[in-house]
Amino acid sequence: MQILLFITGLFVFNFYNITVFAEGASLEDLMRQLGTLKLEQDNLKAHMSKNEEKMSAMEVELQRLGGVAPTQETARAEEGVQATLPTTKKERIEKRVESLEEMTGKMFLLEPVEEIKKVSEWVCPEGHIYDHPSLDGRCHLCGKPQEERVAYRKFKYARKESISDRIAAMMEEGFKKKVAVGLSATGVFQQLVNSRKKDTSFAEGSLDLLFFHRPMINSTLFVDLEAIGGRGPDFIVGSASGLNDDASRGSTHDTDGVDRLSVREAWLQSIFMKDRLRLVGGKIDLTNYFDMNAVANDETTQFLTSAFVNNPVLSPPVNGPGLAGYFDTKKGYGFGLGIQNPRNSGTAVFDRPYTIGEVDYHTPKFLFGQAGNYRLWGRYNGDTKSRAVGLSLDQQFTQRLTGFARYGITGNTAVDEPKWAWSLGLGLSSPFSSRRYDRIATAFSQIKTFNRTKEDLVEAYYNLFLTDHMNLSLNSQVLFPARPELRMSEDGIPLPRERENDFLTTFGLRLQMDF
């Protein structure tokens, strides 16, 4: 090929040389033309060499990946090139390279994926995290010494996806159109420390079987089947705060020793107006949509006391038929409205219903330049003719420290409903440099009951991260003054309560698993 190019160039040079001498050109012009021809010849050689190397590399890549026989594809590409009858060797090579590139593009796709990697990072006592240590070993912001620790981070990158990977992804996408099943299990053990009763240890567990399905675009069908066994300390103590909210719904364990499943929730949710409007209908739990809080809202992973999970004056009915809607303005404000049958009955669904409305404000930067959420709600129970208003807020002070507060007051209070209640607390994530995913929190609450007695409670917990699907919490509660304990006669008949202690203390363990 190179000899051919050289002969061609020499022929052009001789022809041009004879022509120029015929016209009486100078020697300097001939030398300049000769240099131009040599430069063009070198450029042509370099371009052809680059195309040949690229073609060879692609053929090797095709043989190594995808299991495709490159010789057959190359033959098809050459047949297509010959059909076009290119005039030069350069054009034939370029046609061949284009065919290989097209074939390679069909075989491989760039797909964004995520991967969790173990990395080293440097953190100061104030929680400032850096990817590399400073030259003097101190934080640039606070000047305190840095310490190296090991962490796990999620990285996004693009990788080549083969045809087999694409088929697997399509099969997985088809599977997503079917029903997805989840499992959530919670086990709680609590020990009364300063009680003179024989029954001072309590065990309770719950199992939720979750079903998800998307019957339409922007719609979700959700079913929660739950079984609860065991009792909490409130079986003896009978507090207004509720020492175990997971056991507050009552055991589904029958007298024959069989655990029964109950339908806790079953609803259909639809989203409209570019994710601004959300509507939910079916058997719902209104506490999933109102009086929310980032620090105190989940009895399975956060505070165990009912007074911290939701405001006691909210007094929501048991799960039943209802509707809930929420509109997000995408400018920080949101509005919610809910209505539910207070008796979990399929008849006279909207006869004396429980209604609630809420206004939310979410800001990415408020106090201390950190994010905050503020909610104001009001509710009316048509069954008991009681009404109440409440406030729920959570505000970040730093990236790891978040505070929360709740307050609620009732009007025309019904029996067994508190007059007012308030609570506040702090939650700290990553309390130690070596325990990045652990959480620690403490809170205090005070309730004024319908019989004008006050009850105070303090709770603290440490949530220990074990795996992505398992957490272990150490929990402690101090209740004072405790309501009188429940006494039972020999026939199992409850006797009038009598005060036993000025305060009661519990220590407990909670194991939470999600799959």
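These legends cover an overall view and several close-ups of a predicted model.

**Figure 1. Overall view of the protein chain.** The chain has 515 residues, and 37% of them count as buried. Six helices and 21 strands make up its secondary-structure elements. Among contacts with a separation of 6 or more, 56% link residues 24 or more positions apart. The accessible surface comes to about 30000 Å². Carbon and sulfur atoms hold 60% of that surface.

**Figure 2. Asp291 in its loop.** Asp291 lies in the loop between β8 (277-284) and α6 (306-309). Its relative accessibility is 0%, so Asp291 counts as buried. The cut-off for buried is under 20%.

**Figure 3. Contacts of Asp291.** Leaving out residues up to four places away in sequence, Asp291 touches Asn297, Asn310, Asn311, Leu314, Glu358, Trp377, Ser392 and Arg406. With Asn310, the side chain of Asp291 forms a side-chain polar contact of 3.4 Å.

**Figure 4. Asn475 in strand β18.** Strand β18 spans residues 470-480 and contains Asn475. Asn475 counts as buried because its relative accessibility is 7%, and the limit is under 20%.

**Figure 5. Contacts of Asn475.** The side chains of Asn475 and Glu459 make a polar contact of 2.5 Å. Beyond residues up to four places away in sequence, Asn475 touches Leu304, Glu459, Ala460, Tyr461, Thr506, Phe507 and Gly508.

Definitions and conventions: Residues numbered from 1 in each chain as written. Predicted model: local features only at pLDDT ≥ 70, side-chain atom pairs only at ≥ 80, totals over all residues. Heavy atoms only, no water. Helix = DSSP H or I, 4+ residues; strand = E, 2+ residues; numbered from the N terminus. Buried < 20%, exposed > 50% of the residue type's maximum accessible area, 1.4 Å probe, protein only. Contact = heavy atoms within 4.5 Å. Areas by Shrake-Rupley, 256 points an atom, 1.4 Å probe, with all protein chains shown as cover. Polar contact = N/O pair within 3.5 Å; in protein donor to acceptor, adjacent residues only side chain to side chain.
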